[in-house]
Amino acid sequence: MTDDQQDITPDLASLLDLAHRAAHHSYSPYSEFKVGAALKLVGGEIVTGTNVENVSYGLTICAERAALVRAVSQYGPGIRIEAVAVANLNGKASPPCGACRQMLAEFTRPEAPVVFPAADGIRVMAFSAVMPLAFEMRLR
Ligand code: THU
């Protein structure tokens, strides 16, 4: 256990379960890595996503970003994310990748818990610890 580690609450455990279920819809014929994500919005709505690969590999969309674009599409640009869960069906570690962290940063509360499988088991960390230096555009 590290300093950043938080306890998993029953709410987070059920969000993680939804992420796990979403992973069953994964389209991942190239990597065979099946990922699911579940986002809890302020207001209580839950939006899930899964990874969608493409034969032109770089076009692949991760589960977290799939969930995010779905959340904005469904609920609009004012959404705030209050919890994030990531799961996979491969029994491996899968923290959100850097690209997904940057995209989540735009909509996620710094204190939002992020729950994901790590090498040593399920981990819960604040979003600000997962993404400490997100790029922001400050023109003035
Ligand atoms: N993947 C995700 O869905 N989320 C991540 O944060 C990292 C990677 C997917 C992309 C690809 O389909 C597969 O996992 C292997 O990289």
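**Note on the salt bridges and the ligand site**

1. In this predicted model, Glu82 is partly exposed, with a relative accessibility of 25%. Its side chain takes part in a salt bridge with Lys40, where the closest N and O atoms are 3.5 Å apart. Because Glu82 belongs to strand β3 (residues 81-88) and Lys40 to strand β1 (residues 35-41), this pair ties together parts that are 42 residues apart in sequence.

2. Glu82 also meets the side chain of Arg109 in a salt bridge, at 3.6 Å from N to O. This pair links distant parts of the chain, since Arg109 sits in the loop between α3 (98-105) and β4 (113-118), 27 residues apart from Glu82 in strand β3. Arg109 is partly exposed, its relative accessible area being 31%. A network of salt bridges links Asp11, Lys40, Glu82 and Arg109.

3. The whole structure holds five salt bridges, and one of them joins the side chains of Arg21 and Asp17 at 3.1 Å, N to O. Arg21 is exposed, with a relative accessible area of 54%, whereas Asp17 is partly exposed at 35%.

4. Turning to the ligand, the residues around it include Ser31, Phe33, Asn51 and Pro95, and the shell divides into seven nonpolar, three polar and two charged residues. A polar side-chain atom of Glu64 lies 2.8 Å from a nitrogen atom of the ligand, while polar backbone atoms of Ala63 and of Cys97 each lie 2.9 Å from an oxygen atom of the ligand. Taken alone, the ligand exposes 370 Å², of which the protein buries 78%.

Note on methods:
Residues are numbered from 1 along each chain as its sequence is written. This is a predicted model: local features need pLDDT of at least 70, side-chain atom pairs count only at pLDDT 80 or more; totals for chains, interfaces and linings use all residues. Side-chain values use heavy atoms; hydrogens and water are left out. A residue is near a molecule or strand if one of its heavy atoms lies within 4 Å of it. A polar contact is a pair of N or O atoms within 3.5 Å; within protein, one must be able to donate a hydrogen and the other to accept it, and residues adjacent in sequence count only if both atoms are side-chain atoms. Accessible areas come from the Shrake-Rupley method with a 1.4 Å probe; for residues, only the protein chains shown count as cover. Ala, Val, Leu, Ile, Met, Phe, Trp, Tyr, Cys and Pro count as nonpolar, Asp, Glu, Lys and Arg as charged, and the others, Gly among them, as polar. A salt bridge is a side-chain nitrogen of Lys or Arg within 4 Å of a carboxyl oxygen of Asp or Glu. Buried means under 20% relative accessible area, exposed over 50%, partly exposed in between (1.4 Å probe, protein chains only). Helices (H or I, at least four residues) and strands (E, at least two) are DSSP runs, numbered from the N terminus.
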